[in-house]
Amino acid sequence: MTTSRHAVAAFAILAVVCCSMLVVRGYESGAPVLTCRTMIPGHGKAAQVSAAPYRIVPSDNATSSRIRVTLTAPRPNDYFIGFLIEARSPRTGEDAVGSFVQVPQDSQTLDCNEVISSGVTHSSNTKKKSVEFDWEAPRNFDGQVNFVATVLLDYATFWVGITSNPVQVNSANGGPPVTGPTEIGRSENGLKEIEANIYDGCGKNKNCVGAPLGCIQTMNCRAVVALMPSNDKYQFEMMARDSQYVAFGLSDDNKMGGDGVVECVHKESGRSNSVSVYKSWNVPNRKQNQRVEDLSGVSLDSASIIDGAIYCKIVVDSVFKVEDNTYDLDNNDYFVLLAAGASLKTFSVGYHDVAFISSPDKRKLGQLRAARVMDPFYDNCGQTKTCFGSPDGCLSTQDCAAVTAVKVEGTRYMFEMKARNAAYVAVGISDDQKMGGDSVMECVHENVGTNLVKAYMSWNVPNQKSNKRLTSQNGLTLLNSSFIDGTIYCNVVRDAVTKVEGVNYDLIRNKYFLLIAAGTSLKERSVGYHDLAYTSTAESSALSEIKSLRTSSKLLLRLHGSFMIVAWIGAASIGIVVARYYKQTWVGGSCCSKDLWFGWHRLLMMFTWILSLAGSACIFVELGEWVSGPSQTHALLGVVTTVLAFFQPIFAAFRPHPDSSKRPIFNWIHWLVGNAAHIFAILTIFLAVSLSKAELPAWMDWILVAYVGFYVIIHLILSISGCLSEKSGSMRINTFPMKDLHNGRSPMSYEQHKDAPHSGFRKFWLFIHVLFIVIITSALVLIVIFAPIETKLNSLREQFS
């Protein structure tokens with residue numbers, strides 16, 4: 001009997017332990033499916049009866065099949081660690097309806113009452129200020145829904161039945177689509193043939209709009225539309241790679257909203273595939289597209305699906321209607337919008353994540369010009385959110401290498417970050433314009449081969465040029481993110497008041513500088529060097545102030561680059577050639593009692609000396625400290641160059657008399673130091689091109705290569721000329737200057753009063769040399785001053801095209 005009781009007791013204890021483990025696990029990793037109906041945690045505790053300090057808010061009460069839902073703790077110091085959210089309809093009682101189609105990091109969906117993703121819960125017990133989700137209604141659903149939530153403050157404290165305002169959801173079935181002959185294939189040659197036909201005649205007998213910008217000329221668009229008159233109608237050909245749909249819109253402006261749209265949509269049903277055409281309407285001010293039942297005036301001629309690309313040819317009447325709007329293609333002016341995406345919604349197209357572009361101005365369809373990209377990230381910058389990007393001026397052209405937007409809703413500070421061709425993008429909050437002692441928010445693409453993006457809090461260690469991830473990631477919540485074609489994006493919410501490494505950051509009361517950085521590499525538990533972009537705001541500001549922030553001044557940086565180019569590619573290149581090859585040219589002429597060659601050489605090299613020191617001072621004042629990362633090699637060679645340049649004229653001031661036995665030693669040292677400084681300087685300028693801070697185009701390397709090639713050719717030509725001159729004359733002239741390094745002034749070399757033979761030839765090549773150096777120096781200086789020069793060039797092209 002005793003043994004039996006012990007066995008029962010042991011079994012009971014084991015059962016309690018197991019249940020406790022299950023409860024704890026449920027608490028840490030989210031609600032189990034078995035709680036979907038009651039929404040009561042199995043914690044053995046009663047729900048709170050006081051008013052919940054949380055709100056669940058749908059985006060609006062608009063008629064829509066997809067709704068953005070936000071669970072938030074509105075008061076500054078409130079938070080939650082767990083939740084369960086469902087959508088319920090009066091018709092379904094306690095059964096969840098619809099599906100959560102987009103959930104943030106640290107969240108997961110549940111298949112409540114066997115409906116896929118009909119519930120959403122937490123996946124970790126970190127502190128959260130707010131979470132956002134996208135919910136989509138079931139097919140053909142009409143009626144009201146309420147979003148219902150259970151929210152946990154901690155294991156023993158939770159609220160059940162937090163309910164949103166009702167939302168009316170109406171189905172928007174667009175009626176029967178127009179279909180046409182569809183070819184399904186996997187032939188790259190077939191796709192190339194289709195693309196060749198689309199591009200053929202662009203700008204001649206048909207007008208084309210493609211994305212990205214400039215792809216029409218290179219014939220490599222991700223999405224393209226080509227249109228041309230066809231009898232009394234218009235023919236539109238559209239193609240998009242890796243897409244489920246491609247669509248064009250006719251608009252009164254270059255933004256979505258109030259536009260008539262024609263869509264080509266790829267639908268899969270079992271083993272069948274088809275491409276259908278629809279008319280739809282971009283609802284103004286709602287970021288929403290609705291299909292219309294009336295399909296008159298539009299017909300699908302042909303369509304294909306090849307290797308994931310969708311193609312269709314559509315014939316449109318010259319006058320047709322969408323909703324209550326009439327489009328007269330012959331007589332009215334329109335912007336043409338082009339969009340393509342990889343996903344579809346119920347009775348609608350999905351987000352245009354493959355391409356979105358607009359023609360640059362409003363014209364008749366036969367007068368369209370090249371288009372420019374429209375990025376929705378930049379919408380409402382300076383109106384409802386504060387934006388800041390790199391390089392300077394990129395907000396207006398919407399082509400930032402890295403950009404952030406800050407939006408404040410009550411005590412919620414939302415940071416959007418985006419960067420092209422990047423492994424990470426990060427925004428720092430700082431008391432100054434330099435890295436060190438800053439709180440950083442990172443968006444990181446860690447897993448190559450996936451689109452997963454994670455968000456972290458980190459700290460720029462003062463005076464160490466290093467960044468470390470924080471052990472605690474409380475205070476930052478990732479709402480949504482993406483990684484598409486090398487472009488990283490994320491949207492995070494940061495607590496208004498946080499404490500990082502003992503430093504309090506109060507975004508409500510204090511002003512801060514924003515730092516933005518992006519790079520192509522990652523370290524273990526840290527981001528890599530910011531080789532794509534790094535800049536700071538020009539001034540500190542309260543983040544709740546809505547405006548477009550300016551980048552900090554780069555005047556000293558631009559002066560540094562300009563001074564060094566003028567010094568070493570300009571003045572030094574001419575001064576060295578004059579001293580080496582023109583000692584026996586303009587013989588008898590003098591300036592300040594000195595030979596002309598010596599006067600010019602001394603003037604040009606002193607100019608080099610002054611500009612080198614001034615350029616070095618500019619960069620030291622700009623940075624204030626030694627650099628890190630790839631900049632170190634550039635900086636080290638720059639210091640070596642400046643040191644050699646600094647001592648060169650000092651050595652020259654103590655040169656021995658021409659007849660001194662020590663003069664050859666001086667000649668060797670003077671020659672070696674001068675040429676070494678010149679070589680190091682050119683290498684340093686080459687290395688500057690790849691630095692993100694310089695914002696120089698990669699093709700600047702080719703200009704520098706052209707300079708080096710020309711400089712070598714000039715030396716070869718003048719050396720050969722010297723050989724010929726030596727053979728023609730009775731005396732040795734300065735053919736190979738290395739010979740002069742062994743001798744002082746000789747009567748034969750320096751006391752002649754006429755030029756050595758072929759002086760006219762040498763003067764001609766000096767003119768060519770000076771002209772080329774002036775042109776190439778001017779071009780390089782302009783590239784440095786107007787960096788990033790490509791942005792300015794694109795603006796000029798658009799202005800005059």
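Q: How many disulfides does a search of the whole structure find?
A: Searching the whole structure turns up seven disulfides, where a disulfide means a pair of cysteine sulfur atoms within 2.5 Å. Keep in mind that this is a predicted model, in which local features need pLDDT of at least 70, side-chain atom pairs count only at pLDDT 80 or more, and totals for chains, interfaces and linings use all residues. Residues are numbered from 1 along each chain as its sequence is written, and side-chain values use heavy atoms, with hydrogens and water left out.

Q: Nice. Which cysteine is joined to Cys36?
A: Cys36 is linked to Cys112 by a disulfide, with 2.0 Å from S to S. The angle about the S-S bond of Cys36 and Cys112 is -60°, which makes this link left-handed.

Q: Where do Cys36 and Cys112 lie?
A: Cys36 is in the loop between α1 (2-29) and β1, while Cys112 is in the loop between β5 (107-110) and β6 (119-122), so the pair ties together parts that are 76 residues apart in sequence. Those helix and strand labels are DSSP runs numbered from the N terminus: helices are H or I with at least four residues, strands are E with at least two.

Q: And what about Ser117, where is that?
A: Ser117 also sits in the loop between β5 and β6. Its phi is positive, about 55°, although Ser117 is not a glycine.

Q: Let's switch to sheets. What order do the strands have in the open sheet of four?
A: The order is β1-β2-β7-β4, with antiparallel pairing. Two strands pair if DSSP finds at least two bridges between them. At the edges are β1 (55-58) and β4 (99-102), each pairing on one side only. From one strand to the next, the twist averages 35°; angles here run from 0 to 180 degrees between N-to-C directions, and axes are lines fitted to C-alpha atoms, for helices over the stretch in contact.

Q: How many bridges join β4 to β7?
A: Three bridges join β4 to β7 (residues 130-136), and the two run antiparallel. Gln102 stands opposite Asp134 in β7.

Q: What about the open sheet of five strands, what's its order?
A: That one runs β29-β30-β31-β37-β36, again with antiparallel pairing. β29 (386-390) and β36 (476-484) are at the edges with a single partner strand each, so one side of each has no neighbour in the sheet. The twist averages 10° from one strand to the next. Inside this sheet, β31 (residues 412-419) and β37 (residues 487-494) pair over seven bridges, and Glu416 stands opposite Asn491 in β37.

Q: Which residue does a cis peptide bond join to Pro391?
A: That would be Ser390, with omega at about 5°. Pro391 is in the loop between β29 and α4 (394-397). Another cis peptide bond joins Ala211 and Pro212, with omega also about 5°.

Q: On to helices! At what angle do α5 and α8 cross?
A: The axes of α5 (residues 555-581) and α8 (residues 663-688) cross at roughly 145° and come within 10 Å. The crossing is left-handed, meaning the near helix is turned anticlockwise from the far one by less than a right angle (clockwise would be right-handed).

Q: Which residues of α5 and α8 meet?
A: Among them are Met564, Trp568 and Ile576 in α5, and Trp671, His678 and Ile685 in α8; contact means heavy atoms within 4.5 Å. By class, there are eleven nonpolar, three polar and one charged residues. Ala, Val, Leu, Ile, Met, Phe, Trp, Tyr, Cys and Pro count as nonpolar, Asp, Glu, Lys and Arg as charged, and the others, Gly among them, as polar.

Q: Last one: where does UniProt place "transmembrane region"?
A: The unreviewed UniProt entry places that feature at several spans, including 635-654 and 764-789. UniProt positions are in the numbering used here, feature names are shortened, and annotations may be inferred rather than shown by experiment. In the model, residues 635-654 are 95% helix and 0% strand, with end C-alpha atoms 30 Å apart. Residues 764-789 are 88% helix and 0% strand, with end C-alpha atoms 34 Å apart.
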